[in-house]
Amino acid sequence: MDEELLTIGAFAARARLSAKALRLYDRLGLLAPAHVDRVSGYRYYRADQVEHARLVALLRQLDMPLARIAEVTGAEGAEAADRLAAYWADVEARVAGQRTLAEYLRGRLSGRSSEMYEKFAIETIDVPAQVVITESRHTLADELPTWIGASLGRLEAGARECGGVTGAPFVVYHSEVSMESDGPAESCVPVADEAAARAWAGRQGRARGAAVRVEPAVRLVYTRITKAQVAHPQILAAFEAVEQWTARKGLSIAGPCREIYFADWDAAGPGDPVCDVAFPVRRSAVSTE
């Protein structure tokens, strides 16, 4: 036996890990032994693998997914540090979102929902029928913001072949989008030329779920929110405020909720209005208040 090789027990003691953990790391491809005896199946490690083993263990303490650990340990120097920094930025963003959600839920559970809803000004608007080119997708909440930006970008580019954009882009939620429910959601861009739009949709094929339809005239109950409020869960409070107002007025919701993006998202600051959160309601029942 090569004198430089350590048994799994000796290596585990030096790395301050259990033999069970080392077997798991081997099975997951995170830390393979330097040698495995073909007859006995015993694993042997080199002394210079100790630092790698300790690094894997420390990354596991950050609750880093195994695939991300493999990315970090597979890189070197500054690149490995950058990959760790990128992971931790994601963690902090997630924790910040969870902190905000906890505050939101605490308000609901303590009976302060009405205070949150009163912060939103509710209005109604009549929207005429319009031709829209659309892209639909089943998506979970964590993928939603990226998909909305990408899909609306593709549709706005396609609108150049359809007589141009004639109204604010919007996203329709045909079913709930959350971490457990994947919609679907539908991005929509109003365009000028229906015939050109149908020709455009025909050229897209089914790859991205592109389509064209005539959106009927509708009356919307809506509230206007800022870029900061678009984030989850603040936007939930906006939707609920619109629903509460609609119910108080004795109105009937006539279709799925939507977000209407009327401003330049990239140019807007956190406090700038960018989006209307809206529900269609039955026109005959709407109060003029």
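**Entry 1. Strands around β11**

I began with strand β9 (residues 218-226) and found it joined to β11 by eight bridges, the two strands running antiparallel. The model I am reading is predicted.

For E259 I noted V277 as the bridge partner in β11.

How many of the nine residues of β11 are buried? I counted eight, and I recorded the strand (residues 273-281) as mostly covered.

**Entry 2. The open sheet β1-β3-β2**

Three of them form an open sheet, in the order β1-β3-β2, with antiparallel pairing. Which are the edge strands? I noted β1 (5-7) and β2 (35-36), as each of them pairs on one side only.

Between β2 and β3 I found two bridges, in the antiparallel sense. In this pairing V36 has R43 of β3 as its bridge partner. As a reminder to myself, strands of a sheet pair through backbone hydrogen bonds, either parallel or antiparallel.

I stayed in strand β3 to examine R46. Is R46 buried, partly exposed or exposed? I recorded R46 as partly exposed, because its relative accessible area is 38%, which falls between the limits of 20% for buried and 50% for exposed. Leaving out residues up to four places away in sequence, I listed E4, L5, F11 and A34 as the residues that R46 touches. I also checked R46 against I8: they are 38 residues apart along the chain, and their C-alpha atoms are separated by 10.0 Å.

**Entry 3. Helix α2 and its two sides**

In helix α2 (residues 19-27) I looked for the buried residues and found A21, L22 and Y25. Why do they lie on the same side of α2? They do so because they cover an arc of only 100° around the axis. The general rule is that an α-helix has 3.6 residues a turn, so residues three or four places apart point the same way.

I then asked what the buried residues of α2 pack against. I noted three elements: α1 (8-15), β3 (43-46) and α3 (50-61). On the other side of α2, I found K20 and R27 exposed.

I also checked the backbone around this helix. In the loop between α1 and α2 I located R16. Its phi is near 60°, a positive value in a residue other than glycine. I marked R16 as exposed, because its relative accessible area is 62%, and the limit for that class is over 50%. After α2 comes G29, where I read a positive phi near 80°.

**Entry 4. The loop between α3 and α4**

I moved to the loop between α3 and α4 (66-74), where L62 lies. Together with L84 and W88, L62 makes a nonpolar surface patch of about 230 Å². I recorded L62 as partly exposed, with a relative accessible area of 31%.

D63 lies in this loop between α3 and α4 as well. What is the phi of D63? I read a value near 60°, positive in a residue other than glycine. D63 counts as exposed, at 67% relative accessibility.

**Entry 5. A cis peptide bond**

Where is P184 found? I placed P184 in the loop between β6 (170-173) and β7 (185-191). The peptide bond that joins G183 and P184 is cis, and I noted an omega of about 20°.

**Entry 6. R198 in helix α8**

Last, I looked up R198, which is found in helix α8 (residues 194-204). I recorded R198 as partly exposed, with a relative accessible area of 41%. With neighbours within four places in sequence set aside, I found R198 in contact with V212, R213 and V214.

I also checked the separation of R198 from L59. The two residues are 139 residues apart in sequence, and I noted 52 Å in space, C-alpha to C-alpha.

Notes. Residues numbered from 1 in each chain as written. Predicted model: local features only at pLDDT ≥ 70, side-chain atom pairs only at ≥ 80, totals over all residues. Heavy atoms only, no water. Buried < 20%, exposed > 50% of the residue type's maximum accessible area, 1.4 Å probe, protein only. Helix = DSSP H or I, 4+ residues; strand = E, 2+ residues; numbered from the N terminus. Arc of directions from axis to C-beta. Contact = heavy atoms within 4.5 Å. Pairing = 2+ DSSP bridges. Patch = residues over 30% accessible without salt bridge, like charges linked within 9 Å, V, L, I, M, F, W, Y side chains within 5 Å. Areas by Shrake-Rupley, 256 points an atom, 1.4 Å probe, with all protein chains shown as cover. Salt bridge = Lys/Arg side-chain N within 4 Å of Asp/Glu carboxyl O.
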